[in-house]
Number of protein chains: 2
Amino acid sequence: MKITANNPERKSWLDVDTDSDFPIQNIPFGVFLTKDDITTIGTRIGDYAIDLAALHQLGYFEGIPLTDDIFMQDTLNDFIADGRTTWRLVRNRIAEVFDEENDKLKNNAGHREIIIFKMSEIEMLLPVSIGDYTDFYSSKEHATNVGTMFRDPENALLPNWLHIPVGYHGRASSVVVSGTKIRRPLGQTLPQGASKPVFGPSKLVDFEVEMGFITTDANDLGKVIPIEEARTNIFGMVLLNDWSARDIQKWEYVPLGPFLAKSFATTISAWVVTLDALEPFRANGVIQDPKPMPYLQEDGLTTYDIRIETFIKPKKQQETLVSKTNFSYLYWSISQQLAHQTVNGCNVRSGDLYGSGTISGPDKNSYGSMLELTWKGTKPLVMSDGSERKFLHDGDTVIMRGFCQKDTFRIGFGECTGRIKKARKLELDH
Amino acid sequence: MKITANNPERKSWLDVDTDSDFPIQNIPFGVFLTKDDITTIGTRIGDYAIDLAALHQLGYFEGIPLTDDIFMQDTLNDFIADGRTTWRLVRNRIAEVFDEENDKLKNNAGHREIIIFKMSEIEMLLPVSIGDYTDFYSSKEHATNVGTMFRDPENALLPNWLHIPVGYHGRASSVVVSGTKIRRPLGQTLPQGASKPVFGPSKLVDFEVEMGFITTDANDLGKVIPIEEARTNIFGMVLLNDWSARDIQKWEYVPLGPFLAKSFATTISAWVVTLDALEPFRANGVIQDPKPMPYLQEDGLTTYDIRIETFIKPKKQQETLVSKTNFSYLYWSISQQLAHQTVNGCNVRSGDLYGSGTISGPDKNSYGSMLELTWKGTKPLVMSDGSERKFLHDGDTVIMRGFCQKDTFRIGFGECTGRIKKARKLELDH
């Protein structure tokens with residue numbers, strides 16, 4: 001089916017700034033709460049949120065096989081489960097309805113009032129109910145930096161890394177939508193030189209710049225998703241900040257991996273940008289040597305050219321750009337990740353989230369975590385107010401922005417933000 | 001509220017064998033499919049399955065605040081979310097309805113026909129929709145055995161182990177109910193002495209004898225569950241087999257922990273036995289030295305005396321007992337596990353599953369995995385037909401049985417079983 005929604009010539013009768021992340025060619029999906037306290041599935045054009053449940057009820061999806069309540073939901077899961085043909089039909093239709101040549105809704109003030117909100121009038125919610133959250137570790141530069149700092153600079157990359165898209169299971173319950181405040185976690189840490197751990201607020205709270213993809217119901221237990229079918233089962237992508245408490249992580253992570261150092265929160269951006277919308281920005285992946293095993297081999301444009309900028313904004317201060325990276329720096333592609341996830345027969349469900357792992361590039365300013373940017377705190381970042389940061393302070397807001405751009409044509413993800421709140425008082429624990 | 005359902009003197013008007021796991025004092029909860037293809041929440045007395053939706057509809061829960069459809073569900077999640085007072089009211093009432101002194105249902109043949117099924121007539125389903133599955137690593141003997149075999153016998157236990165109930169996130173999508181067949185996984189492994197990995201069926205498929213507890217909605221993100229409130233938030237327990245592919249695990253697990261070596265399947269028993277039903281079997285925990293941090297300190301009877309026997313049944317052969325262990329061997333308690341899980345503010349939801357980790361005791365026949373029982377395959381187990389097992393063969397069924405017993409009074413879990421099917425053909429991958 002042709003993705004007519006991607007037509008770069010199309011303009012909308014809704015106002016869209018030229019540098020907006022959300023031109024009529026984007027048409028992402030999300031869930032929001034209206035000013036009347038109704039939860040609905042919606043999309044966004046420019047600074048307008050569009051209530052798809054209302055659009056459906058008023059007949060604008062006529063001819064597309066959709067259940068009556070498919071958009072009257074508090075998650076995208078059921079819509080995603082309907083599969084790629086449905087996503088495409090719906091995106092194509094939305095593009096038509098808001099095309100500047102189409103008068104039907106444009107000239108119906110009554111309908112417009114029910115369907116269209118200003119972004120400032122609504123509240124974005126977590127777009128999916130996440131059954132499982134896997135976090136991969138697919139940046140060679142990140143894995144090398146971490147291996148250099150914590151293990152052996154001569155053998156920074158572990159033997160399995162070039163053969164396997166290494167990943168681990170993350171906590172799904174604590175994935176939150178952009179804007180949610182993040183409580184600094186308490187936990188056990190082992191101070192430098194000490195023989196016994198201490199308890200208290202983490203002193204080394206960090207961000208990790210990642211992206212995540214969201215799947216549909218893809219396979220039954222015991223079946224695989226062959227790599228050539230992987231992309232068909234991926235609905236779209238989000239920005240993802242995998243908050244990390246480095247001191248808790250260091251003490252707890254052997255031998256079973258990160259646990260409480262990560263499970264206090266993971267933030268994702270509110271709008272899921274479809275793979276279809278990202279199609280014009282497919283790009284060459286990194287050359288893989290050694291050649292991956294057959295179940296991980298793929299041809300063509302395996303990645304996406306997505307620029308990601310990360311800022312720190314101290315309380316009541318201006319934001320400072322601290323990292324400029326690109327999704328295409330990753331060594332392992334999303335198809336390889338999904339093929340690997342299922343090669344043992346593990347089943348994948350609608351709404352599952354798959355993080356890329358921290359995205360670090362070759363340049364020092366393209367690293368995706370403070371751990372790397374400050375090189376374990378030895379080279380602090382300088383904020384616009386002159387203050388320094390080795391790791392995050394209470395009150396700091398981390399802002400990630402991601403977008404694809406060719407000339408003046410941009411498809412973006414909006415923001416993925418979170419502010420660090422001070423830790424709970426210790427006496428509340430005992 | 002008094003747990004009158006636990007009255008050890010009570011007898012039911014339903015036939016119950018003296019050695020049944022399910023006397024009227026048990027009253028576990030599960031989900032089943034009736035012969036009429038209706039999914040319902042139920043309980044079990046002896047070899048009878050009781051349809052709680054029908055019992056409710058016919059008025060037997062009168063006076064207990066329950067929504068009309070609370071038992072007309074395909075998971076226990078909503079019922080569990082109702083909280084401990086409701087669980088107790090319902091269990092107490094079920095005990096009354098089936099008490100041999102109570103004629104109401106006993107003498108109503110029409111109602112009995114709608115409510116009561118033989119176990120052979122129904123099909124048990126997965127009892128909960130699992131939001132998150134954490135697997136702990138709480139047996140000191142197991143951690144020591146693994147550390148001795150794979151790392152350093154002199155320092156078998158890692159430095160954090162006596163301070164932290166070490167755990168990691170598992171895969172929720174592939175948790176299946178007892179009886180589900182398990183496909184031998186394919187994956188990457190590094191043969192002994194090789195420099196490059198190979199792809200194929202795992203040669204070292206193992207079981208892990210565990211128990212799991214299931215929580216209610218316990219805390220919001222950023223809040224903790226203090227250890228003294230942990231038990232209030234635990235609905236009940238199940239037997240759990242954490243199937244493991246040791247060769248895949250060895251190659252993939254550094255540095256982020258087990259992933260595909262575990263995510264091909266985890267089996268749980270079908271009936272969730274409530275903590276209330278286990279109350280008569282509370283027992284002293286292991287003495288903990290060093291003393292845990294304050295947030296992990298608890299007094300009294302911190303564990304349960306639950307015997308667990310594991311059998312291997314080769315295809316068309318008799319079963320052979322291979323392990324006899326006890327839940328009370330575990331070093332860390334369920335309260336400590338849940339307090340630790342949430343000390344960083346991680347939120348816990350209704351239906352979440354928490355595995356104990358492999359339960360190994362001090363004696364060699366109390367080890368909870370073939371890895372330990374055969375000491376890395378060096379001491380094969382002998383089956384009743386004379387064949388030997390280093391790890392599981394295709395066609396082998398693993399059967400776990402668990403129960404508490406004082407004199408002739410028994411509360412049991414039934415079985416947790418799964419048979420290994422041969423791996424998918426390689427050419428199906430490409």
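Residues count as buried under 20% relative accessible area, as exposed over 50%, and as partly exposed in between (1.4 Å probe, protein chains only). The views below come from a predicted model in which local features need pLDDT of at least 70, side-chain atom pairs count only at pLDDT 80 or more, and totals for chains, interfaces and linings use all residues. Residues are numbered from 1 along each chain as its sequence is written, chains are lettered from A and ligands numbered from 1 in the order in which they are written, and side-chain values use heavy atoms, with hydrogens and water left out.

**View 1. The rotation axis that relates chain A and chain B.** Two copies of a chain are related by a rotation about an axis and a shift along it. The superposition is by least squares on the C-alpha atoms of residues with pLDDT of at least 70 in both copies. Gly257(A) is the residue of chain A that comes closest to the rotation axis, its C-alpha lying at 2.2 Å.

**View 2. The interface of chain A and chain B.** In chain A, 64 residues are in contact with 64 residues of chain B, contact meaning heavy atoms within 4.5 Å. The copies meet through the same surface, because 100% of the interface residues of chain A are also interface residues in chain B. The two chains bury about 6,000 Å² between them, 62% of it on carbon and sulfur atoms; buried area is the accessible area (1.4 Å probe) that two parts lose on being put together, summed over both.

**View 3. A salt bridge between Arg171(B) and Asp352(A).** A salt bridge is a side-chain nitrogen of Lys or Arg within 4 Å of a carboxyl oxygen of Asp or Glu. The closest N and O atoms of Arg171(B) and Asp352(A) are 3.0 Å apart. Across the interface of chain A and chain B, four salt bridges are found.

**View 4. Arg10(A) and Asp99(A) in a salt bridge.** The side chains of Arg10(A) and Asp99(A) meet at 2.7 Å, N to O. The pair links distant parts of the chain, 89 residues apart: Arg10(A) lies in the segment before β1 (30-33) of chain A, and Asp99(A) in the loop between α3 (84-97) and α4 (109-115) of chain A. Helices (H or I, at least four residues) and strands (E, at least two) are DSSP runs, numbered from the N terminus. Arg10(A) is buried, with a relative accessible area of 12%, and Asp99(A) is buried at 14%.

**View 5. Glu415(A) and Arg401(A) in a salt bridge.** The side chains of these residues meet at 2.9 Å, N to O. Glu415(A) belongs to strand β26 (residues 409-421) of chain A and Arg401(A) to strand β25 (residues 397-406) of chain A, 14 residues apart. Glu415(A) counts as partly exposed at 37% relative accessibility, as does Arg401(A) at 23%.

**View 6. Asp21(B) and Arg410(B) in a salt bridge.** The N to O distance between these side chains is 3.1 Å. Asp21(B) lies in the segment before β1 (30-33) of chain B and Arg410(B) in strand β26 (residues 409-421) of chain B, 389 residues apart. Both Asp21(B) and Arg410(B) are buried.
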